Amino acid sequence: AAAAAGGEAAGGGAAPPSSFVGLLDIFGMETFERNGYEQLLINFANEKLQALFVSEAVELVRAEFVSEGIRVELIDSPDNSAVLELFEGAKRRGGYPRPGLLSILNEETASPKPPDDARLVEALHRRFAEHPAYRKPAAAEPATSFTVRHFSAQVTYTAAGGGGAGGGDVARSFLKKNKDELHAKLPALMAASRWPFVRDLFLARAADSRRGEVARQFAASMKELTETLAATDQHFIRCIKPNDRRTPFDFDEALVRSQLQSCGVLAAACVAQAGFPYRRTFLSMLDDFRDLLTLEEQRLAWGGSAAERKAMVRKLLTQAGFADEDYQLGRTMVFGSAGLEAQFAERARELRERREADERARQREAEAMSAEQKARLAEMERERSPSLPSLSPSLPSLPLSPQKARLAE
């Protein structure tokens with residue numbers, strides 16, 4: 001699955017959109033009684049993705065804690081850089097890069113000499129005999145085999161294709177399988193297909209007239225795939241093999257523990273447990289809860305220093321009732337325990353409701369005070385201005401005329 005995903009990424013199709021959701025389903029590490037060329041490439045893909053997982057789930061989080069000055073216990077994480085160096089080679093300072101296992105495989109494949117897997121394995125022995133991730137075959141193992149110490153287990157690969165008079169199993173030959181055997185005109189034919197999916201698979205191959213090696217193309221596709229993954233917000237689901245017997249409800253504790261340790265799952269869990277899963281910048285937090293700040297605090301939040309923002313965030317968390325052990329304040333970010341964001345949002349809502357209730361109570365008090373003051377002022381006005389006798393004389397009542405009297409009746 002990793003090979004297919006990488007091939008599509010490097011297949012010359014349309015570039016992925018700037019915003020997308022992708023799903024990568026890969027094989028796990030493969031180790032059988034006899035491991036060949038396919039297992040070598042599949043396990044190389046797993047090493048690349050394992051390094052990405054460790055970097056995303058452990059190293060980047062730990063580096064962020066250190067840069068922010070957060071106090072967490074440093075936890076060792078599995079490091080497979082030696083295995084990747086074995087496969088991909090290493091760069092030398094001021095010199096040519098040292099070739100890796102895949103480079104030597106490609107060189108032997110492109111050699112004008114007749115293909116000979118024994119010659120390939122001898123070249124690997126000479127180059128990597130002292131490498132910590134490589135082991136030459138023991139006396140009881142096939143002469144054309146070699147062992148790689150992968151992050152999860154040691155895997156012995158057998159390049160069975162012989163050369164010269166020794167013969168060998170050509171169907172299992174590394175050099176035979178590594179050679180791109182597609183007919184030169186086939187990619188151009190498939191690139192002219194009316195089906196977009198088929199056409200996109202072969203566009204890049206049709207444009208490249210060179211006949212490359214499969215491992216070279218695979219390594220290039222893995223590089224493009226990992227670069228795409230590194231630019232995304234990643235989430236991981238790690239599958240653990242419960243036992244080697246393929247039986248249900250049967251957990252081999254030693255096997256499961258070994259996988260959890262070698263895959264970096266335990267290290268990632270320890271970092272999350274020792275650290276703080278909730279992380280947010282001071283400015284972002286103050287912006288979302290600015291209605292809880294005074295006008296002067298709002299001015300400092302956007303125009304003040306990082307230390308002033310830090311003090312205001314601490315004040316907000318203290319007002320919300322959080323203890324010091326629930327969070328830590330870094331240089332520019334607040335780090336909190338799981339659920340801190342939801343708890344703070346709930347307590348901030350309660351703070352708003354209390355403030356609104358207090359404001360309504362003050363308004364009612366002001367209104368009641370205003371009515372009382374108005375009545376008191378009116379009373380004071382009456383006391384200052386007593387009623388005066390009317391200046392108009394009283395006039396006697398006049399009798400009604402007979403018509404008006406009848407109407408009145």
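**View 1. Phe 44 and Phe 218, both of which are buried, in a predicted model.** The two rings form a tilted aromatic pair, with 6.4 Å from centre to centre and 55° between the planes. The structure holds nine aromatic pairs, of which the one formed by Phe 44 and Phe 218 is shown here.

**View 2. The edge-to-face pair of Phe 146 and Phe 174.** The ring centres of Phe 146 and Phe 174 are 6.3 Å apart and their planes stand at 80°, an angle over 60 degrees, so the pair counts as edge-to-face. Because Phe 146 lies in strand 2 and Phe 174 in helix 6, the pair ties together parts that are 28 residues apart in sequence. Both Phe 146 and Phe 174 are buried, and they form one aromatic cluster together with Tyr 37, Phe 128, Tyr 134 and Tyr 157.

**View 3. Helix 4, residues 101-110, and the elements that cover it.** Helix 4 is mostly covered, with seven of its 10 residues buried, namely Leu 101, Leu 102, Ile 104, Leu 105, Asn 106, Glu 108 and Thr 109. The cover over these buried residues includes helix 2 (37-68), helix 3 (81-88), helix 5 (117-128), strand 2 (145-149), helix 6 (174-178) and helix 9 (214-230).

**View 4. Arg 238 over the face of Phe 53.** Arg 238 lies at 4.6 Å from the centre of the Phe 53 ring.

Terms used:
Residues numbered from 1 in each chain as written. Predicted model: local features only at pLDDT ≥ 70, side-chain atom pairs only at ≥ 80, totals over all residues. Heavy atoms only, no water. Buried < 20%, exposed > 50% of the residue type's maximum accessible area, 1.4 Å probe, protein only. Helix = DSSP H or I, 4+ residues; strand = E, 2+ residues; numbered from the N terminus. Contact = heavy atoms within 4.5 Å. Phe/Tyr/Trp six-rings, centres within 6.5 Å; stacked < 30°, edge-to-face > 60°. Lys NZ or Arg CZ within 6 Å of the ring centre and 35° of its normal.
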